[in-house]
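Keep the structure open beside you while you read.

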Amino acid sequence: MRNFDTITITAKGQAQFPVKWRKLAGLALGGSCDVRPANDGRQSLIITPRVRTRLGAVGLLAHLQRQEVPFPKVERHHLPFK
């Protein structure tokens, strides 16, 4: 027989998932999940943790250098002065 964990959803729609699942999914400190209906006739949901990407200024240059399509060259224009 399987051991099932249950979650409780509050009146505001908040839920607390089981600790074991949160640790395995990398959500021990919280995070976002994608939720999709399973369309199985029982109102089941498929809950998938979102992958955390931490792309800050440190990895921005490396990310831009990996792009295959270069940025178009910007035409310079001169502003009229008095």
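Predicted model: local features only at pLDDT ≥ 70, side-chain atom pairs only at ≥ 80, totals over all residues.

Q: Why is Asp34 called partly exposed?
A: Asp34 has a relative accessible area of 24%. Buried means under 20%, exposed means over 50%, and partly exposed is what falls in between, using a 1.4 Å probe and protein chains only. Residues are numbered from 1 along each chain as its sequence is written, and side-chain values use heavy atoms, with hydrogens and water left out.

Q: Where is Asp34 found, and which residues is Asp34 in contact with, leaving aside its neighbours within four places in sequence?
A: Asp34 sits in strand S1, residues 33-37. Strands (E, at least two residues) and helices (H or I, at least four) are DSSP runs, numbered from the N terminus. Contact means heavy atoms within 4.5 Å. Setting aside neighbours within four places in sequence, Asp34 touches Ile46, Ile47, Thr48 and Arg50 by that rule.

Q: What makes Arg36 and Asp34 a salt bridge?
A: The rule asks for a side-chain nitrogen of Lys or Arg within 4 Å of a carboxyl oxygen of Asp or Glu. In Arg36 and Asp34 the closest N and O atoms are 4.0 Å apart, so the pair counts under that rule. Arg36 is partly exposed, at 43% relative accessible area.

Q: How many salt bridges does a search of the whole structure find?
A: Two. Besides the pair above, Arg42 bridges to Asp40, with the closest N and O atoms 3.8 Å apart. Arg42 has a relative accessible area of 66%, so it is called exposed, whereas Asp40, at 37%, is partly exposed.

Q: Why is Arg22 called buried?
A: Its relative accessibility is 18%. That value is under the buried limit, so Arg22 counts as buried. Arg22 belongs to helix H1, residues 19-25. Apart from neighbours within four places in sequence, Arg22 is in contact with Gln16, Phe17, Leu27 and Ala28. Over the chain of 82 residues, 4% count as buried.

Q: How many aromatic pairs are there, and what makes the pair of Phe17 and Trp21 tilted?
A: Rings of Phe, Tyr and Trp (its six-membered ring) pair if their centres lie within 6.5 Å; planes under 30 degrees apart are stacked, over 60 edge-to-face, and the rest tilted. The count comes to one aromatic pair. Phe17 and Trp21 form a pair with 5.1 Å centre to centre and 40° between the planes. That angle belongs to neither the stacked nor the edge-to-face range, so the pair is tilted. Phe17 is partly exposed at 24%, and Trp21 is partly exposed at 28%.

Q: What makes Leu60, Leu64 and Phe71 a nonpolar patch?
A: Patches are made of residues with over 30% relative accessible area and no salt bridge; like charges are joined within 9 Å, and nonpolar side chains (Val, Leu, Ile, Met, Phe, Trp, Tyr) within 5 Å. Leu64 has 37%, so that residue clears the 30% limit. Together, the three have about 320 Å² of accessible area, an area that comes from the Shrake-Rupley method with a 1.4 Å probe, where for residues only the protein chains shown count as cover. Leu64 lies in helix H2, residues 57-65.

Q: What makes the phi of Asn39 worth a look?
A: Most residues other than glycine have a negative phi. Phi of Asn39 is near 55°, a positive value in a residue other than glycine. Asn39 is in the loop between S1 and S2, and with 71% relative accessible area it is exposed.
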